[in-house]
Amino acid sequence: MFPTHRPRRLRNTPAVRRLVSETTIRPRQLVLPMFIKEGATEPAPIESMPGVLQHSRDSLRKAAVDAVRAGVGGLMIFGVPARRDAVGSGATDPNGVLNVALRDLRSELGDDTVLMADTCLDEFTDHGHCGVLTPDGRVDNDATLRVYADMAIAQAESGAHWLGPSGMMDGQIGAIRTALDGAGLTDTGILAYSAKYASAFYGPFRDAVESALQGDRKTYQQDPANLTEALREVELDLDEGADAVMVKPALAYLDVLRAVAEMSPVPVAAYQVSGEYAMVEAAAARGWLDRDRTILETLTAIRRAGADIVLTYWAVEAAAWLANA
Ligand code: PBG
């Protein structure tokens with residue numbers, strides 16, 4: 001009556017479990033998303049993202065240095081402008097909040113980290129869409145590409161190592177690559193948000209950037225029901241010159257992540273988004289989840305599904321836990 005096979009033998013002490021563990025997470029694989037608010041003199045909390053801040057220039061610089069010291073692999077910067085308009089002028093203005101922050105951070109950190117910028121108009125437009133609109137209020141794909149091209153040049157010239165086009169416009173990677181190359185910015189990389197879904201999990205982020213959006217992004221972001229479409233989006237971005245590709249959100253899209261990881265010749269990133277963060281924090285605050293274990297389990301799942309890089313608001317804290325793991 002003895003079982004022939006005893007998988008439990010590989011679980012019966014911490015040392016054995018450590019020896020046979022299949023998935024590792026290194027601090028260098030984590031990227032910290034950060035928010036900079038124009039005109040802020042003090043960092044401000046974001047109610048729906050407890051522990052995450054809208055930074056002032058000064059606090060952003062300090063927090064970025066701390067994050068790099070903690071060993072995180074990169075920083076993804078989002079700007080919250082004081083003024084917005086129909087075409088998102090703050091995005092292309094070299095003195096716009098995000099471009100100023102990129103210059104601050106590049107001069108502070110040099111090449112010690114991979115400095116990334118969100119290349120998208122939604123934070124900068126008064127209607128909150130990721131692109132400019134036609135007279136009848138639809139998002140104008142090709143007019144938006146022209147703005148993205150200018151935004152990309154401004155961000156690269158401000159010191160971003162990588163750009164993160166997150167607007168899901170058709171042809172955005174090619175338009176940005178052509179613009180960068182034409183300006184001699186051939187070293188600037190593109191982390192393509194290739195498979196970005198129209199997700200309810202972005203809710204807290206829209207608080208973080210004080211989004212003006214009414215309605216939804218379903219004409220440009222992907223339908224959560226679709227997987228093969230994500231692979232097609234990845235192929236197009238690779239054709240257009242993406243240096244790395246991303247799936248977003250992460251936890252509800254692990255099957256997409258796995259499929260992308262299997263076909264992508266370039267590094268694959270996953271974005272553990274604001275709603276994933278808020279969900280765990282809210283439950284943990286009520287004592288309903290063991291916060292730290294839950295965080296590590298989610299990060300492990302995202303890595304196991306195939307992400308080489310994970311964008312997470314817990315990057316610094318997790319890096320500290322993992323430093324000697
Ligand atoms: C768009 C952008 C969004 C996020 C990252 N880039 C919001 C959106 O598409 O509505 C969401 C990130 C998060 O939820 O953490 N610039």
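I began with the term for exposure: buried means under 20% relative accessible area, exposed means over 50%, and partly exposed lies in between, with a 1.4 Å probe and protein chains only. By that scale E210, at 35% relative accessibility, counts as partly exposed.

Before going on, I noted that this is a predicted model, in which local features need pLDDT of at least 70 and side-chain atom pairs count only at pLDDT 80 or more, while totals for chains, interfaces and linings use all residues. Residues are numbered from 1 along each chain as its sequence is written, and side-chain values use heavy atoms, with hydrogens and water left out.

I looked up where E210 sits, and found it in the loop between α7 (203-208) and α8; helices here are DSSP runs of H or I with at least four residues, strands are runs of E with at least two, and both are numbered from the N terminus. I then read its backbone, and E210 has a positive phi of about 55° although it is not a glycine. I kept in mind that most residues other than glycine have a negative phi, and that most peptide bonds are trans.

Which residue does E210 form a salt bridge with? The partner is K37, and the closest N and O atoms are 2.7 Å apart, where a salt bridge is a side-chain nitrogen of Lys or Arg within 4 Å of a carboxyl oxygen of Asp or Glu. Because E210 lies in the loop between α7 and α8 while K37 lies in strand β1 (residues 30-37), the pair ties together parts that are 173 residues apart in sequence. K37 also counts as partly exposed, at 26% relative accessibility.

**Entry on other salt bridges**

I noted that the structure holds 15 salt bridges. One of them joins E235 and R232, with the closest N and O atoms 3.8 Å apart; being 3 residues apart in helix α8, the two are separated by about one helical turn. E235 is partly exposed at 39% relative accessibility, and R232 is partly exposed as well, with a relative accessible area of 49%.

I also looked at R291 and D292, whose side chains meet in a salt bridge at 3.1 Å, N to O. D292 counts as partly exposed at 35% relative accessibility. Elsewhere, salt bridges that share partners join R57, D58, R61, K62 and D104 into one network.

I turned next to M168, where phi is near 55°, a positive value in a residue other than glycine.

I then checked the peptide bond from K248 to P249, which is cis, with omega near -10°. P249 has its place in the loop between β8 (244-248) and α9.

**Entry on helix packing**

I compared α8 with α9 by their axes, which are lines fitted to C-alpha atoms, for helices over the stretch in contact, with angles running from 0 to 180 degrees between N-to-C directions. Helix α8 (residues 228-239) and helix α9 (residues 254-263) pack at an angle of about 40°, with their axes 10 Å apart. The two are therefore oblique to each other, given that angles under 35 degrees count as roughly parallel, over 145 as roughly antiparallel, 65 to 115 as roughly perpendicular and the rest as oblique. I recorded that α8 passes α9 in a right-handed crossing, a crossing being right-handed if the near helix is turned clockwise from the far one by less than a right angle, and left-handed if anticlockwise.

For helix α4 (residues 97-109) and helix α5 (residues 141-158), I found an angle of about 25° and axes 8 Å apart. That makes α4 roughly parallel to α5, and the crossing of α4 and α5 is right-handed.

**Entry on S274 and P33**

I looked up S274 in helix α10 (residues 274-285), where S274 counts as buried at 1% relative accessibility. How far apart are S274 and P33 in sequence and in space? They are 241 residues apart in sequence and 9.9 Å apart in space, C-alpha to C-alpha.
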